[in-house]
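Q: I would like to learn how contacts between chains and within a chain are read from a model such as this one. Could we go through it feature by feature?

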4 protein chains.
Amino acid sequence: MEISEGNYVLLFHTSRKKWLVKVEKEKKMHTHIGIIDLSAIIGMQYGSYIMTTLEKKIYLIEPTIHDFIMKSERSTQIIYPKDLGFIAIRTGIQNGSRVLEIGTGSGALTTFLASIVKPNGHVFTYDINPRFMKIAQKNLIKANIDQYVTMHEYDIHNGISLTEMDVAIVDLGDPWTVVEQVYASLKGSGAFLSICPTMNQVEKTAVTLKENNFVDIECVELLIRNIEAREGMSRPSMRMIGHTTYLVFARKIITLKDN
Amino acid sequence: MEISEGNYVLLFHTSRKKWLVKVEKEKKMHTHIGIIDLSAIIGMQYGSYIMTTLEKKIYLIEPTIHDFIMKSERSTQIIYPKDLGFIAIRTGIQNGSRVLEIGTGSGALTTFLASIVKPNGHVFTYDINPRFMKIAQKNLIKANIDQYVTMHEYDIHNGISLTEMDVAIVDLGDPWTVVEQVYASLKGSGAFLSICPTMNQVEKTAVTLKENNFVDIECVELLIRNIEAREGMSRPSMRMIGHTTYLVFARKIITLKDN
Amino acid sequence: MEISEGNYVLLFHTSRKKWLVKVEKEKKMHTHIGIIDLSAIIGMQYGSYIMTTLEKKIYLIEPTIHDFIMKSERSTQIIYPKDLGFIAIRTGIQNGSRVLEIGTGSGALTTFLASIVKPNGHVFTYDINPRFMKIAQKNLIKANIDQYVTMHEYDIHNGISLTEMDVAIVDLGDPWTVVEQVYASLKGSGAFLSICPTMNQVEKTAVTLKENNFVDIECVELLIRNIEAREGMSRPSMRMIGHTTYLVFARKIITLKDN
Amino acid sequence: MEISEGNYVLLFHTSRKKWLVKVEKEKKMHTHIGIIDLSAIIGMQYGSYIMTTLEKKIYLIEPTIHDFIMKSERSTQIIYPKDLGFIAIRTGIQNGSRVLEIGTGSGALTTFLASIVKPNGHVFTYDINPRFMKIAQKNLIKANIDQYVTMHEYDIHNGISLTEMDVAIVDLGDPWTVVEQVYASLKGSGAFLSICPTMNQVEKTAVTLKENNFVDIECVELLIRNIEAREGMSRPSMRMIGHTTYLVFARKIITLKDN
């Protein structure tokens with residue numbers, strides 16, 4: 001595929017030296033491995049390479065949603081791909097899903113959710129912080145996915161009128177405080193997921209879910225380990241991320257009264 | 001949402017006692033917690049419950065793609081949701097993607113891939129074992145996703161005519177033997193992923209990729225740990241799965257000759 | 001070394017079929033791989049083997065303290081070797097150490113501690129449950145290590161007269177309730193360790209230690225994973241223990257008043 | 001206990017700011033949190049504290065073998081306490097054990113082994129690198145444990161005259177090349193342990209042991225994770241060590257010929 005003006009490209013030198021940029025005429029990038037002429041990229045193929053002024057190879061990689069998330073402008077803690085992928089499959093989010101997100105943050109999770117529900121689904125996201133909303137919007141536009149998202153600057157503790165949501169994702173410091181509102185907005189057997197960095201959050205959220213007509217409550221954590229594969233000397237990497245967050249999943253059930 | 005005849009339902013009693021069934025008239029399920037009358041479910045809401053003949057509650061949960069995979073008929077080793085979710089996000093598979101799968105197996109991975117690429121994308125899957133092809137087809141039909149998949153009983157070592165694939169997924173015992181064929185079928189900067197249960201496979205595959213114009217080679221393993229959340233006594237579960245598979249990712253680059 | 005009557009032997013067939021027995025005349029062991037004649041072992045070398053009546057090889061292995069712990073009669077939860085080894089090295093227990101143990105349980109930890117402090121050190125262990133004390137005593141005698149241990153059936157919440165202990169090990173459900181008593185019994189810069197299966201115990205204990213003149217507070221968990229090494233197909237085992245316990249370490253400091 | 005001239009002290013400010021020093025008259029330590037007057041420490045109690053010239057508290061902790069190892073002068077890769085503790089308990093090393101060590105390195109492992117076998121046991125250690133031997137000797141003297149160790153600058157591939165060893169510890173890049181020599185030096189049912197950072201080493205060593213009359217072959221890896229315990233917000237640390245080494249254990253059996 002040919003690279004056009006306005007496209008995003010992942011400039012890949014090594015795993016540790018890579019940049020996600022928008023291709024524009026007259027634009028040059030200054031790096032410590034030389035200057036990269038972005039005009040020269042227009043018309044080239046993804047997968048091919050150019051040289052920096054210091055004769056270093058830069059491969060032109062078509063960015064995936066993974067690259068956009070990893071390189072998004074952050075002002076809150078990022079949610080890692082290992083967690084995102086599992087969230088999607090465990091809650092069953094897919095093209096067409098209607099997803100409620102409470103706690104927009106920098107929009108990294110929103111971006112990912114929108115990329116899965118499009119083109120037939122939609123993400124409704126809430127936050128009370130106008131500064132985060134701005135950053136999130138910028139990131140959504142950068143990933144060209146904003147038309148699948150509706151953003152609300154609103155405190156969901158005051159109640160919510162959305163109903164029949166397929167999935168609700170809660171990324172707040174006190175997820176147990178919105179269980180009632182989430183329950184009201186979900187369809188029967190709809191999926192709940194909350195991001196819980198601490199064990200205290202896990203405990204309070206799981207206990208509250210159990211008391212509020214949710215079943216199939218499952219709390220997990222995912223660990224990812226890199227492997228250094230070299231001929232005759234393969235082994236896991238010395239360093240790894242020890243913890244990002246716990247995840248608490250559940251499904252809504254309907255009580256007799258509502259039935 | 002109302003349950004109709006022909007729908008699938010996850011009959012949920014507890015995390016360890018749940019069944020995925022197709023709703024049919026005159027059908028009864030015999031379990032050690034009593035008989036479940038499936039006719040009685042028709043017309044009920046997802047999220048509501050019925051009682052067994054032994055007065056046990058059974059919640060009627062709408063199954064997600066996750067449930068179909070975990071409950072699919074297996075004749076080869078299953079690929080776990082933790083790995084599936086990460087594969088999707090790391091390779092950038094989404095609605096519209098054209099995916100090559102080498103090694104169909106029981107179709108669990110195929111089912112998942114198809115659920116992500118639909119409705120605009122497609123999965124082309126190859127296997128040399130006719131028995132597996134039959135099982136896979138059955139599972140694809142059960143998940144109502146077969147129209148997004150083309151199956152070939154063919155040994156890809158003999159070459160492949162597909163080109164411009166977005167992503168290639170290799171699930172063979174010797175993934176390094178098809179790196180050349182995969183290279184030919186991928187678009188520029190297309191993504192490669194191979195399922196490698198052993199460290200020896202990781203090493204050989206990574207070394208071969210490096211020698212064959214792939215970059216951004218990343219080998220990882222994912223671990224999932226369940227947390228038992230109880231008031232005042234929360235802790236990880238005693239038992240966990242210690243290993244499923246390593247994953248080897250890469251991106252295709254175009255050499256000068258091909259450029 | 002020659003095996004004598006009264007010695008313990010680990011009868012090893014495979015990793016999953018092994019027995020720890022005392023060698024006695026006229027004693028025969030009935031197993032599903034045949035009968036083992038223990039009289040016949042007397043006079044044989046450790047490392048050699050005998051055959052069962054079903055012609056299966058049984059290797060005669062000299063048991064280590066590890067084997068005694070893994071095969072000890074349990075009535076409380078066992079503490080795993082991975083944790084025991086780290087406890088010893090992190091607290092600095094060695095030959096000559098004076099160790100206070102609160103919560104004797106089945107004596108598995110006591111056995112291990114005594115095996116390290118002997119012949120010049122001593123373990124003082126407390127429990128309020130007479131039934132546990134009996135089991136612990138039996139296990140200590142079996143491991144031939146009871147002369148290095150003094151057992152007390154006593155509730156340490158009532159105060160303790162021991163002083164200048166090198167190390168204190170707490171294995172109670174509420175370790176934070178004895179921090180004051182432990183402080184009084186430890187020497188300056190003496191080491192504290194508590195076994196905490198739940199995160200709630202970790203939190204309360206660490207907070208209490210911080211408020212009661214302990215420093216170098218370190219909370220850890222250890223995970224052990226088995227590797228299946230086979231030519232050309234080496235990989236971690238599918239199953240592993242996901243959690244045994246967290247460990248909370250600290251060192252006592254002396255405040256100005258006491259100094 | 002009172003601190004005397006010539007004693008070692010762990011100067012503890014925080015978990016990340018601590019120093020292991022020998023107490024000497026007229027000695028001052030310059031740090032970025034102020035100057036520490038070591039003369040002033042003489043006669044003080046372990047567990048008490050002094051102030052730096054910048055009014056920062058420094059606790060005087062009695063160093064354990066753990067502290068000596070973590071702070072030892074390294075020129076080769078260190079072996080972590082999590083691994084050391086497990087090695088000791090799994091091989092059964094204790095006071096009185098006769099231990100063969102192949103690959104002295106910087107002596108960190110030697111120091112630890114000697115601290116366990118003393119006063120009645122002994123460590124016989126071999127290395128072919130005279131520079132390492134010097135560093136190891138320095139570390140052994142610093143830990144005041146050199147009288148329990150005999151060092152040999154010798155290539156064990158040429159054969160070894162030691163016999164009836166209780167335990168053999170191999171820390172070489174190619175442990176499988178000395179299995180024959182180790183076998184000859186071990187007593188019947190004696191324990192073998194090799195440090196194997198890569199999976200390739202694990203595989204070759206385990207396969208060679210199996211072919212050379214060893215049983216109870218067990219390959220493991222240990223992971224340690226730190227927990228940040230804070231009131232109401234306890235969680236594992238973000239960073240952790242992902243890999244240090246695999247460990248391969250085995251027991252020697254005696255074949256009919258030798259029996």
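Q: How many bridges join strand β12 (residues 214-228) of chain A to β12(B), and in which sense do the strands run?

A: Some conventions come before the count. Residues are numbered from 1 along each chain as its sequence is written, and chains are lettered from A and ligands numbered from 1 in the order in which they are written. This is a predicted model, in which local features need pLDDT of at least 70 and side-chain atom pairs count only at pLDDT 80 or more, while totals for chains, interfaces and linings use all residues. Helices (H or I, at least four residues) and strands (E, at least two) are DSSP runs numbered from the N terminus, and two strands pair if DSSP finds at least two bridges between them. Here 9 bridges join β12(A) to β12(B), and the two strands run antiparallel; within this pairing, A:E221 has B:R225 as its bridge partner.

Q: How many residues does each chain bring to the contact of chain B with chain A, and which element of chain B gives the largest share?

A: Two residues are in contact if their C-beta atoms, placed from the backbone, lie within 7 Å. On that criterion the contact takes 58 residues from chain B and 58 residues from chain A. On the side of chain B that touches chain A, β12(B) provides the largest share, 11 residues.

Q: At what angle do helix α2 of chain C and helix α2 of chain D pack?

A: Axes are lines fitted to C-alpha atoms, for helices over the stretch in contact, and angles run from 0 to 180 degrees between N-to-C directions. The two helices, each spanning residues 81-91, pack at about 110° with their axes 7 Å apart. Angles under 35 degrees count as roughly parallel, over 145 as roughly antiparallel, 65 to 115 as roughly perpendicular and the rest as oblique, and α2(C) and α2(D) are therefore roughly perpendicular to each other. Among the residues that meet are C:F86 in α2(C) and D:F86 in α2(D).

Q: Why is strand β6 of chain C described as largely enclosed?

A: A residue is buried if 20 or more other C-beta atoms lie within 10 Å of its own, exposed if 12 or fewer, and partly exposed in between, with C-beta atoms placed from the backbone. In β6(C) (residues 57-61), 4 of the 5 residues are buried, so the strand is largely enclosed by the rest of the structure. β1(C) pairs with β6(C) in the antiparallel sense over 3 bridges, with C:L11 opposite C:L60. β5(C) is also joined to β6(C) by 3 bridges, running antiparallel, and these two strands form a hairpin with 5 residues between them, where C:E55 in the turn has a positive phi of about 65°.
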